[in-house]
Amino acid sequence: MIPFAYARPTTLDEALDAARDPGTAVLAGGTELLNWLRIGIAVPDRVVDISRVPGLDRIEPLPGGGLRIGALVRLNDVAADPNVARDWPVLRMAIHKSASAQLRNLATIGANLLQKTRCAYFRSEEPTPCNRRLPGSGCAAREGHDDRHALFGWTDDCIATQPSDPAVALAALDAVVVTRTATGGRRIPVTDFQLLPSEAIDRDTVLEPGELIEAIELGEPAPHSAYVKVRERESYEYAIVSAAVTVRLCDDGRIAGARIALGSVAMRPWRLAEAERRLVGLAPDDPAVTSAIEAAFAQAHPVPGSAYKVAIARGATRRALMTAAGVRP
Ligand code: SF4
């Protein structure tokens, strides 16, 4: 491991000041950053440990409705919150499937959105062509193992996917990332927070140096919501694909509105806008629901080894929709 300086600010202002240097890595729960340091994915001059910064570890109702979740709230504390369990169950489900209980006790909701891809070439401890690790070096996955890679939004430079489970649920909830800088801050829709390879390959999110996630805000409750994760083993594994769905139902049980986000199919959660439009007015068990979902996948463009994921993603989407609507799949 390469030596680095270490700072542990005790206020948000101190943390923002300390994080301004581009050579800085921010430490929260540590479950991701320590892996990056070990493998060499991150080689910071300085690590700024924000885990003691007060005020970022609270969950609070918003005055006009909704919920504000501080960036440093541990995943298991988010899942255990009674408001989340009642009004946003899709987030609770996604968190429960995101990692082992031990990891969920340490990992924070803010840093979870900053996870890097699980592409094996990117995580390799041996020198391997990878445009994300070393821009311009190539993409080993294009000629190698590409069975966990993208269905949407990839380029020849990178075909990787983003692995966060909570991010998928937050995308289906139209959640907002609230950031702070030394001079202000901004509100970023979760669906715009992560960057596709066509937008940038040397960074994963729109965060600028010195910009920290302060909170994540949920809007209107989504009690009819569900998360389905398909993985090789049920106990602990990253997703092959996942689907988060929220639905609003009319009095007669038809779908008044739906939001669908897929995980592990692109470098950010992928909304199925076409299916969302087609589902309005249908009963959840109408055969046209299957057609609406299939039509959305007409835009899928899988890399060769990941073509099998399309059928799995279709099935996960349908199962999540049925579960959210309270219909037996
Ligand atoms: Fe690197 Fe992306 Fe290629 Fe994986 S898919 S080797 S992360 S460039």
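How many helices and strands does the secondary structure of the chain come to? In this predicted model, for which local features need pLDDT of at least 70, side-chain atom pairs count only at pLDDT 80 or more, and totals for chains, interfaces and linings use all residues. Residues are numbered from 1 along each chain as its sequence is written, and side-chain values use heavy atoms, with hydrogens and water left out.

The chain contains 13 helices and 12 strands (DSSP runs numbered from the N terminus; helices are H or I of at least four residues, strands E of at least two). Domain 1 (1–53) and domain 2 (225–324) are given by the domain assignment, whose bounds come from an automatic or database source. The centres of domain 1 and domain 2, taken over C-alpha atoms, are separated by 36 Å.

The radius of gyration of the chain is 20 Å, which agrees with the value near 20 Å for a compact globule of 329 residues (taken over C-alpha atoms; the globule rule is 2.2 Å times the number of residues to the power 0.38). Along the principal axes, the C-alpha atoms fill a box of roughly 60 × 50 × 35 Å. Of the 329 residues, 53% count as buried (under 20% relative accessible area, with exposed over 50% and partly exposed in between; 1.4 Å probe, protein chains only).

Serine 306 lies in the loop between helix 12 (287–296) and helix 13 (308–325). Serine 306 counts as buried because its relative accessibility is 0%. Leaving aside residues up to four places away in sequence, serine 306 touches Asp146, Asp147, Arg148, His149, Ala150 and Leu151 (contact means heavy atoms within 4.5 Å).
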